Every structure is written in C-alpha cells, then in structure tokens.
Amino acid sequence: YKVRFVPGVFKEVPTFCSVSVVDVRSNDNIYYGHAKLGSFPAINYVNVLTLKVGDDKPAGDSSMSFLLMCVK
C-alpha cells in the first residue's frame, strides 16, 4: 500500500513509523499476518507491505487491515 498523508500534516519527514496488522477477519490473518514498512517514510507518504508468513496454504491475496503510526 502507498499511504499518503494529508498535505501539511508533516513539515519534515517523519522520524519514526510503526505498523501492525489489526485484521481479525480470519484466524489465518491473526496468526500469520504481518505488516512492515516497505521504505523509509517520505514527507507525504509511506509504503506498507502486508503478508502472511508461516501459513501452509499457497500464496494468494495478502491484503489486510493495519494500523500505522508515524511521528516526527
């Protein structure tokens, strides 16, 4: 995902961002869902990757709900 910040929220690049999966649609998402930053944050966006790791099923759609926090 490319998460775009509302213009003007940050006057400088955020110094810290954290992301975690909050998707409870299935037990697989709870047990195997992971989210991580895909790049360093920019002043107007950050990339977030979601994936399922450790699942014994074939790779498929890994889209999940997540919580993102960025601070300056």
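This is a predicted model: local features need pLDDT of at least 70, side-chain atom pairs count only at pLDDT 80 or more; totals for chains, interfaces and linings use all residues.
Val 71 is partly exposed, with a relative accessible area of 36%.

Colleague: In what order do the three strands of the open sheet stand?

Modeller: Strand β1 (residues 2-4) is joined to strand β4 (residues 45-52) by three bridges. Strand β3 (residues 33-37) is joined to β4 by five bridges. The pairing is antiparallel, and the order is β1-β4-β3.

Colleague: Which strands stand at the edges of this sheet, and what is the average twist from one strand to the next?

Modeller: The order of the open sheet is β1-β4-β3. Each of β1 and β3 has a single partner strand, so one side of each is left without a neighbour in the sheet. The edge strands are therefore β1 and β3. From one strand to the next, the twist averages 30°.

Colleague: Which residues of β4 stand opposite Arg 4 and Leu 37?

Modeller: Residues 2-4 make up β1, which runs antiparallel to β4, and Arg 4 stands opposite Tyr 45. Residues 33-37 make up β3, also antiparallel to β4. There, the residue of β4 opposite Leu 37 is Val 48. The two β4 residues asked for are Tyr 45 and Val 48.

How values were computed
Residues are numbered from 1 along each chain as its sequence is written. Side-chain values use heavy atoms; hydrogens and water are left out. Two strands pair if DSSP finds at least two bridges between them. Helices (H or I, at least four residues) and strands (E, at least two) are DSSP runs, numbered from the N terminus. Buried means under 20% relative accessible area, exposed over 50%, partly exposed in between (1.4 Å probe, protein chains only). Axes are lines fitted to C-alpha atoms, for helices over the stretch in contact, and angles run from 0 to 180 degrees between N-to-C directions.
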